[in-house]
Amino acid sequence: MSREKRTVRPYTVGSALSSSLSETEVLLDDDLPCRAGSSLTVDDGTFVRREVRLVWAAEGDFDRFRTKLTNAALEIGVHPRWLRLVVVARSGSLKLAEKLVDHGLERLEDLERCTRLDRRPNGDRTPVFCAGSHGAVIDAYVALSPDWTSGTLAERRLPKRSSSWLARATFRLDARASSAVLFRPRPLTEAKREEFGLPQGTLRFIDLGGQDLAEVIEGTPDVDVLVDEETLAALNANSASKAAVWF
């Protein structure tokens with residue numbers, strides 16, 4: 001006897017709205033994407049140092065994404081002012097769940113294409129992303145506003161409860177810390193060279209996260225080693241060679 005789990009809701013959501021978040025992705029730094037409905041494993045112990053961003057749409061598709069959301073809401077008979085984009089991150093190991101984004105669809109012109117999730121306004125790292133050996137789960141929703149009230153209670157196809165979600169995308173970020181690996185080189189891209197003010201042709205760069213080398217370093221500092229992306233790709237392709245081992 002086979003078993004299958006399905007989410008059954010007592011209302012109808014048009015396919016345009018229910019699939020509106022299918023192209024979103026979570027991006028760790030600039031090199032690790034996680035698509036909606038998939039998982040990503042960071043096994044080099046760098047999870048707690050990586051930037052976490054939610055990318056709502058590809059750069060050339062962002063205007064279309066915002067228009068699609070607005071039109072999809074109107075198609076089901078709900079004005080965009082009653083809908084919100086909500087992002088929640090949770091960590092089972094830390095017993096935490098945090099709402100990181102709550103943006104009304106009537107203000108989509110103010111929405112940035114990439115939304116930073118791992119930093120609070122004061123610069124501290126969001127606690128839910130501090131489980132270096134467990135990771136976190138991110139859920140993005142299109143949800144009804146908390147003060148939503150249905151004007152057509154006799155219409156069974158429309159959602160009735162405030163804060164009900166109408167579309168969802170889930171991203172699973174798994175983190176593992178290996179004691180055998182102190183760090184793993186990451187690609188040094190042109191964007192990173194510009195960020196750190198490095199000259200063209202820089203082969204390697206060590207980032208201590210703003211640590212002042214004139215001061216005593218307490219404990220083990222966070223170290224990021226960046227290697228020219230083409231060089232790193234060549235080394236990874238021949239990782240057993242004498243040159244790669246020496247490097």
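Start by selecting Arg53: with a relative accessible area of 22%, Arg53 is partly exposed (buried means under 20% relative accessible area, exposed over 50%, partly exposed in between, with a 1.4 Å probe and protein chains only).

A quick word on what you're looking at. This is a predicted model, where local features need pLDDT of at least 70 and side-chain atom pairs count only at pLDDT 80 or more, while totals for chains, interfaces and linings use all residues. Residues are numbered from 1 along each chain as its sequence is written, and side-chain values use heavy atoms, with hydrogens and water left out.

A search of the whole structure turns up 21 salt bridges. Go to Lys192 next: its side chain meets that of Glu195 in one of them, at 3.5 Å from N to O. The two sit three residues apart in helix α3 (residues 190–196), so about one helical turn separates them (helices are DSSP runs of H or I with at least four residues, strands runs of E with at least two, numbered from the N terminus). Check the surface here too: Lys192 is buried, at 8% relative accessible area.

**Around Arg84**

Now jump to strand β5 (residues 83–91) and pick out Arg84. Arg84 counts as buried, at 18% relative accessibility. Which side chain does Arg84 join through a polar contact of 2.4 Å? Show Asp102: that's the partner (a polar contact is a pair of N or O atoms within 3.5 Å; within protein, one must be able to donate a hydrogen and the other to accept it, and residues adjacent in sequence count only if both atoms are side-chain atoms). Asp102 is partly exposed, at 33% relative accessibility. Asp102 also forms a salt bridge with Lys99, the closest N and O atoms being 3.1 Å apart, and Lys99 is exposed at 55%. Beyond residues up to four places away in sequence, Arg84 touches several others, including His103, Arg107, Tyr141 and Pro146 (contact means heavy atoms within 4.5 Å).

**The β1 strand and its partners**

Switch to cartoon and colour β1 (residues 25–28) and β2 (residues 32–35): they pair in the antiparallel sense over four bridges (two strands pair if DSSP finds at least two bridges between them). Val26 stands opposite Cys34 in β2. Three residues lie between the strands of this hairpin, and Asp29 in the turn has a positive phi of about 55°. Then bring in β4 (residues 52–55), which pairs with β1 in the antiparallel sense over four bridges; Glu25 has Val55 as its bridge partner there.

**Into the core**

Finish with the largest nonpolar core, 43 residues, where Leu21, Val26, Trp56, Leu85, Phe129, Ile138 and Leu173 touch the most other members (such a core is a set of buried Ala, Val, Leu, Ile, Met, Phe, Trp, Tyr and Cys residues joined through side-chain atoms within 4.5 Å). Which strand gives the largest share of this core? Select β9: six residues come from there. Last stop, Leu173: leaving aside neighbours within four places in sequence, its contacts include Val26, Cys34, Phe47 and Ile138.

Definitions and conventions: A salt bridge is a side-chain nitrogen of Lys or Arg within 4 Å of a carboxyl oxygen of Asp or Glu.
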